[in-house]
Amino acid sequence: MVRTWQAVAAIVLVLAGCVAAPVPQPGVPQPGGPDVTITPAPDTPANASASARTFIAVVSRMEPAVERECLQRRTQPINCDFQFVVDDRAGLEPNAFQTVDPSGRPIIGFTLSLIGEARNADELAFVVGHEASHHILGHINRKTGAATVGAVILGGLASAYGGDPEAIRTAQDFGAQMGARYYSKDWELEADYLGAIITLNAGFDPEHGALFFARIPDPGDKILGTHPSRSARMGQVARAVADYRAGRVR
């Protein structure tokens, strides 16, 4: 049975009160500077109970870091009260997503398979930071805007060249898809960079966490692909850590 997001959130809160042993704490870095201590989190035993405990412990530490960053960096009056949910449907691929509910509250969701695939707290923490960054950076609104522009341009061209209503609708749909994809890789890299900073601020190791990319298919660097290559993403995380160490970010 598919549970509602509200029900899943309640389950997560109940589990949070039942954690017997929190995930081992890595060294918590201070803001910027060459003396920042970044200690990789140990791998979690491969079983459902350990994965659940690690996930709950990570969310409990990442949530205040995410919301603090949102309040400090937002350039629009966006909601920074994040809700974390789990999609418990069987058979879903490892995945995480960010969206907003009808009231504008940001939601970060995870499939059970992603939680189970993560080998350590750093991987889960980096995923949280990455998905939260999409909201903080306004990527949903920007994606909608890009899709609208694409639809208008191609729809207008189809109309100008004498297309019938069906041809115009087809052109608009294709334009919306192209528009939404055009900047998607840039937005993923932006979210990787800020996500790494948030992960560091919460005391996790984003470079260790980004090793999750090494275990999933590499999308390469395809034209109009939605995700950048594995090497580009790892490089972006490394740049964020270097900038953090150098004190170039707060």
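Which helices each supply at least two residues of the lining of the largest cavity? Keep that in mind as you click around; the tour comes back to it.

**Before you start**

You are looking at a predicted model, in which local features need pLDDT of at least 70 and side-chain atom pairs count only at pLDDT 80 or more, while totals for chains, interfaces and linings use all residues. Residues are numbered from 1 along each chain as its sequence is written, and side-chain values use heavy atoms, with hydrogens and water left out.

**Stop 1: the whole chain**

The chain has 9 helices and 3 strands. These are DSSP runs numbered from the N terminus (helices are H or I with at least four residues, strands are E with at least two). Followed from the N terminus, the order of elements is α-α-β-β-β-α-α-α-α-α-α-α.

Of the 250 residues, 44% count as buried. Here buried means under 20% relative accessible area, exposed means over 50%, and partly exposed is in between, with a 1.4 Å probe and protein chains only. Among contacts (heavy atoms within 4.5 Å) with a separation of 6 or more, 71% join residues 24 or more positions apart.

**Stop 2: the nonpolar core**

Select Phe 55, Met 62, Phe 82 and Phe 110. These residues have the most contacts inside the largest nonpolar core, which has 44 residues. A nonpolar core is a set of buried Ala, Val, Leu, Ile, Met, Phe, Trp, Tyr and Cys residues joined through side-chain atoms within 4.5 Å. To see what builds this core, colour the elements that give two or more residues to it: helix H2 (48-73), strands E1 (83-87) and E3 (106-111), and helices H3 (112-117), H4 (121-136), H7 (184-201) and H9 (230-245).

Now zoom in on Met 62. Leaving aside neighbours within four places in sequence, Met 62 is in contact with Ala 125, Val 128, Gly 129, Ile 198, Thr 199, Ala 202 and Phe 204.

**Stop 3: the cavity**

To show the lining, select Thr 44, Ser 51, Thr 54, Ile 115, Ala 118, Arg 119, Asn 120, Ala 121 and Leu 124. Here is the reply to the opening question: H2 and H4 each supply at least two of the lining residues. The lining divides into 4 nonpolar, 4 polar and 1 charged. In this scheme Ala, Val, Leu, Ile, Met, Phe, Trp, Tyr, Cys and Pro count as nonpolar, Asp, Glu, Lys and Arg as charged, and the others, Gly among them, as polar.

Two lining residues deserve a click:

- Ser 51 is in helix H2 and counts as buried at 10% relative accessibility. Beyond four places in sequence, Ser 51 is in contact with Thr 44, Ile 115 and Gly 116.
- Ala 121 is in helix H4 and is buried, with a relative accessible area of 1%.

Ala 50 is buried at 4% relative accessibility. Leaving aside neighbours within four places, Ala 50 is in contact with Thr 44 and Pro 45.

**Stop 4: the disulfide**

Select Cys 70 and Cys 80, which form a disulfide with sulfur atoms 2.0 Å apart. The cut-off for a disulfide is a pair of cysteine sulfur atoms within 2.5 Å. Cys 70 lies in helix H2 and Cys 80 in the loop between H2 and E1, so the pair ties together parts that are 10 residues apart in sequence. The torsion about the S-S bond is about -70°, so the disulfide is left-handed. Cys 70 is buried at 0% relative accessible area, and Cys 80 is buried at 8%.

**Stop 5: Ile 140**

Finish in helix H5 (residues 139-160), where you will find Ile 140. Is Ile 140 buried or partly exposed? At 31% relative accessibility, Ile 140 counts as partly exposed. Not counting residues up to four places away in sequence, Ile 140 touches Gln 98, Thr 99, Val 100 and His 134. The C-alpha atoms of Ile 140 and Thr 99 are separated by 7.6 Å, although these residues are 41 apart along the chain.

Methods
1 Å grid on protein atoms, 1.4 Å probe; cavity = no way out; pocket = protein on both sides within 12 Å on 5 of 7 lines; lining within 4 Å.
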